[in-house]
Amino acid sequence: MASSTIQQDAWLRHREAVMMNTARSAITDTFARSPLPKRFCNLDRLLHAMKARGLDGIVATAPWNVFYLTAFNGIAHKSDEPRPYAVILSRHMPDHPVLILADYYLATFLKQPTWVEDLRPFRAVMMPLDLPAQRSDIDRFIPQDGAEASWIAHARAAYAFDMASAVRRALKDLRLEHGRVAFDDMGFGFRLEVEGLEVADGYDPLMFARAVKTETELCLLQRATALNEAAIRRTIAAWDKGATWRDLNKAYACAVTELGGFVRDPGGMVWGHPRGTDPALTLATGLERDVVEPGSHIMFDCHGTIDLYCWDGGKTWVVEGEPEGAAKRFADATARVAEMLLSAMRPGTRISELQAKGRKIYRREGVPDPASAVIFFHGLGLSHMDIEQRTADGKSNVDWMLEDGMVVPVHLLYPGGEHERFWLEEVVAIGKDGGKPLFSWGFGPLSRES
């Protein structure tokens, strides 16, 4: 525990020094990846969630949950493939988690350490089916410069010939085989066919833990938001007359890649932009080919990740101009709503209360149709939710409550045509005195000069 805390503190100091001494939008090295602390999950909160739900243990196989609990970010695996890893945690033995993983991933921990000391590899898809399994098969995946590590010796001794038997053995070793165990993939739990094991749903206890960020997670989200901000600025600078939506999307994706981040197919820019006076709310498809004309209101709502932590948000750019006429009133009103909502985003406040407050401010600012304003919130972390769907007592958590340490984007859209609509999404860290914005650029519209 002590060594993990020391390493985390050192990592935080390193990241803080980098962020303070390097211009966010100018130098790619600001966002360079480095090994993370061995543990950065909110373990105490997870154990609390497990106790509240009567869970003896939890088994995570979703890549984001495995990363959250162990710092292991496995390359190459795709979401709907059979999962080649599982982390098993007992509420009664929280200092002894077990990580089961495909043999080809073992050497990853020579680069990215984990607090989980009990690593148990299994013979996976790279090994031949036409030859008999041997315990020495694991040696193929152990580099010479790491062969003497003590945890490697333990992993060799624990080598199994299939994943299911390795998981069953771990459940028995942790005395969970007759307990109530939550799985983030219940189907995996049922397929194990462990007699006497009660399989429960692990989604909500994990989301409850992930909702409140540790210091390391907050630092990762600050870095992700700064990368998004830098990428949006570069995208605006890349626009030229005749550029299409495809060009703009490519410019954003290229900027993200150059800065060290990642976007997903079909693109990183979320909003669609109906032409003319159409106020419809649509999402982008990646198939848009229209020219981005001067005077258009471009709503930057961008998604991507770095070290699996998400960024979100952006705001409105008026191409070669600024909001005029009614659009200026909508922009000013939206900025005022954002300012007041951040002050109100305190622990104990419910989402419905914030929405009502935001609409009241729009009404006070004199916009013609306050009811049409879109005001919504979600969590942010390893996903664009990180909020439990049902509480420990089984109640729906649709109207959830802010807590100290959450990171919550606030979304504000006053709809209109292509020369009127105004969008603002700020990423907010929740504290006792209200919300702190993670973007550095304020609430006004974007420009090439700002």
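A residue is partly exposed when its relative accessible area lies between the buried limit of under 20% and the exposed limit of over 50%. The legends below describe a predicted model.

View 1. With a relative accessibility of 6%, cysteine 41 is buried. Cysteine 254, by contrast, is partly exposed at 43% relative accessibility.

**View 2. The largest nonpolar core, of 101 residues.** Ile88, Ile100, Val167, Leu171 and Phe300 have the most contacts inside this core. Helix 8 (residues 215-238) gives the most to the core, contributing nine residues. Another core, lying apart from this one, has 33 residues, including Leu342 and Phe377.

**View 3. Surroundings of leucine 171.** Leaving aside residues up to four places away in sequence, leucine 171 touches Val59, Ile88, Leu176, Glu177, Leu192, Val194 and Leu197.

**View 4. The edge-to-face pair of tryptophan 271 and tryptophan 423.** The ring centres are 5.3 Å apart, with 75° between the planes. Tryptophan 271 belongs to the loop between helix 9 (245-259) and strand 7 (297-299), and tryptophan 423 to strand 13 (residues 422-431), so the pair ties together parts 152 residues apart in sequence. Tryptophan 271 is buried at 10% relative accessibility, and tryptophan 423 is buried at 0%.

**View 5. Arginines over aromatic rings.** Arginine 39 lies over the face of tryptophan 115, 4.9 Å from the ring centre. The charged end of arginine 45 is placed over the ring of phenylalanine 208, at 3.7 Å from its centre.

Terms used: Residues numbered from 1 in each chain as written. Predicted model: local features only at pLDDT ≥ 70, side-chain atom pairs only at ≥ 80, totals over all residues. Heavy atoms only, no water. Buried < 20%, exposed > 50% of the residue type's maximum accessible area, 1.4 Å probe, protein only. Core = buried A, V, L, I, M, F, W, Y, C linked by side-chain atoms within 4.5 Å. Helix = DSSP H or I, 4+ residues; strand = E, 2+ residues; numbered from the N terminus. Contact = heavy atoms within 4.5 Å. Phe/Tyr/Trp six-rings, centres within 6.5 Å; stacked < 30°, edge-to-face > 60°. Lys NZ or Arg CZ within 6 Å of the ring centre and 35° of its normal.
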